[in-house]
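Thanks for coming. Please look at the model on the screen while I talk.

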Amino acid sequence: MRKGSTIQKVALPGPKSNKNKKKDEEEAVDAGGGWDSYGKTLIKPPDQLELTEAELKEEITRTLTANNPHAPRNIVHYSFKERSFKVTTAVDQLAVLFEMEGNLVHIDSNEGRKLRAKEGLANEPATVKTEAEADEEEPENLAIPEEGGRDVEEVGEEDRPDSVASKTGTKEQKATNQFNFSERASQTLNNPPREMSCQTEPPPRSVFGATVSQWEIYDAYVMELQKLEKNKEKQKTPTLRKDVDKSRNETVLMESANDDITKVRKGAKILERMVHQNTFDDLAQDFKYFEDESDEFRDQEGTLLPLWKFQYDKAKGLSVTALCWNKKYPDLFAVGMGSYDLSYHGRGMLVFYSLKNSAFPEYIYPTDSGVMCLDVHEQHSYLAAVGFKDGCVAVYNLKREGSAPVYKSTAKTGKHTDPVWQVRWRKNDLDNKHIFCSVSSDGRVVSWALVKNELVFTDIIRLSLVGPESAPQLGNLACGTSLDFHKQIDYLFLVGTEEGKIHKCSKTYSSKYLETYEAHTTAVDAVKWNHFHPKVFISCSSDWTIKIWDNTINTPMFTFDLKVPVGDVAWAPYSSTIFAAVTTDGHVYVFDLNINKYEEICKQAVVAKKKTKLTHIEFNPIHPLLIVGDDRGNVISLKLSPNLRKKPKVKRGPDPPQSNEKEVAKMEKLLSLLREPEQSTA
């Protein structure tokens, strides 16, 4: 293409006369165009550039590409290998403007012949013109088989001279286009490009550092070579069918053996209990029938008769950290084992013993962390809540096989950061979900709900320091060491702290305490509400004292100094005035306030070695039995003599008072004696 002026041809009008023709020729000659420029006139725009001859001869090449101008050019992808965003070079340039599926079939194809034969066009001499034949109008011959097996050729547009149509002079009719095809084109609007960006989280990283020596590198290479050689040997020795059949037979035998064991398990357990009862028949007879008749001559003092001793060989070296009776099965109790040494972070164990077999536990659950507390559900006796030393809480189901808990808290689900010292089951919520509460040294009192396969936590209260101990440098959180809920009022509970204080709290007030009691000088080891009287609770500590409180008064009603650190205390389930305690020197103390308000009515050593410390004590809910645990993993059962389980005499009359009312009245009588001086001075 050349650059230059454009030439416009002017079309001459119709025939002219000779005069006009001559006149025009003269004007053309005068203009300098001569005869060669006849009928041509140069039109030059006023703003045209003046180009040289070289510029006019210059050729300009334009290249057309199939690239999509609207295709994005800034797409980036994150490269995990280089840890950065990289621009994507390969971009799809294809843009589909219109797409429509057709149903044309070529006439020479097998499918086309079948269609024609199916439609009965074999007898018609006409042919169907395709799109490519419409312009050229060339003949198409179709070979359609006849019944005799021969092919008949049909002539398209031009008839053969020897055909019947040429002889008769008639023309064959053309078949119409059965597809009614017409080419159409349309242009669609291109959507405007939109930019979309997102930011992803970087992959987690872990920094590892170590000093590597030459021999460590050598050992690593040697181990890798040994692994490769073992893999090669396995590949070289293919497994034979006989070996496979043998392994299958062995698995079948093992499964059948397991089935046989499960069938006889119940019978074997009953037989084991019978053998054990025959072996320790004297202890079983003492438990059921023996009554110490010498109590009549002891001036209202009593004794404890040692019965069975429960110990598990694999639990040696662990201390008994928790005891709890099963409310539904009074012969079954749970034992938590761990260590009170805060520097020890080893294993623990949860075991269930039965009075029918003291030689071996009924259930065994080994744990990775030490068990610090436990509680068995009252209605659903197969559920046991456990608190661990690492801050986790878990729920075990005795009905399920395996040693893993069905529920366990994690760091994501709000586990405690310090050891859990107490757990207590509560009544089900409005959605009928099982709930238990826990207290820990991190200052949190947490409510846990069993929802499907996880524990959902809710913080009830965060313990704070009271008084001068709440200085900023010491922190604002107190350490909880014990917990107990009221027997009648569900929302009321007591929390003992490491500072020696006892806080009366409510679920409805999470920001303040209802009352604070200056109880002990050291950590409160146990705090428990009375089973009968709604205002009385008891506490003990390592400061050698046991104190009985009225929750409406800030000072203790009774104080007992045992001259030895007290490990645990428990109320008797049959009397409102009887309680028992254990000390670190191996003694068990039993008090009855109705008989003696100043001293114990029984003090007895129950361990042989002096260095053995007693840690926990629990009353059986039905039988006159005590169990105590020591720091060597042993549990000892003790039977109470008649003087230690006296009940008030029943008054005869038309409306005899119920046992609970009598127990409340008995305790209220003792408290009134102590309240009278205060009321008189007031």
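First, the ground rules. This is a predicted model, in which local features need pLDDT of at least 70 and side-chain atom pairs count only at pLDDT 80 or more, while totals for chains, interfaces and linings use all residues. Residues are numbered from 1 along each chain as its sequence is written, and side-chain values use heavy atoms, with hydrogens and water left out.

Now the sheet. In what order do the four strands of the open sheet run? The order is β16-β17-β18-β19, with antiparallel pairing. Strands here are DSSP runs of E with at least two residues, numbered from the N terminus, and two strands pair if DSSP finds at least two bridges between them. At the edges are β16 (420-426) and β19 (454-462), each of which pairs on one side only. From one strand to the next, the twist averages 25°; axes for such angles are lines fitted to C-alpha atoms, and the angles run from 0 to 180 degrees between N-to-C directions.

Strand β17, residues 435-440, pairs with strand β18, residues 444-451, over five bridges in the antiparallel sense. Serine 438 has valine 446 of β18 opposite.

Next, salt bridges. A salt bridge means a side-chain nitrogen of Lys or Arg within 4 Å of a carboxyl oxygen of Asp or Glu. How many does a search of the whole structure find? It finds 14.

One of them joins aspartate 490 and arginine 426, at 2.6 Å from N to O. Aspartate 490 lies in the loop between β20 (480-485) and β21 (492-497), arginine 426 lies in strand β16, and the two are 64 residues apart. Is arginine 426 buried or exposed? Arginine 426 counts as buried, at 13% relative accessibility, where buried means under 20% relative accessible area, exposed over 50%, and partly exposed in between, with a 1.4 Å probe and protein chains only. Aspartate 490 is partly exposed at 28%.

Another salt bridge joins lysine 501 and glutamate 518, at 3.9 Å from N to O. Lysine 501 is in strand β22 (residues 501-506) and glutamate 518 in strand β23 (residues 515-518), 17 residues apart. Lysine 501 is buried at 8%, whereas glutamate 518 is exposed at 56%.

A further one joins lysine 563 and aspartate 561, at 3.8 Å from N to O. Lysine 563 is exposed at 57%, and aspartate 561 is partly exposed at 42%. Finally, Asp442, Arg444, Asp459 and Arg462 belong to one network, joined by salt bridges that share partners.
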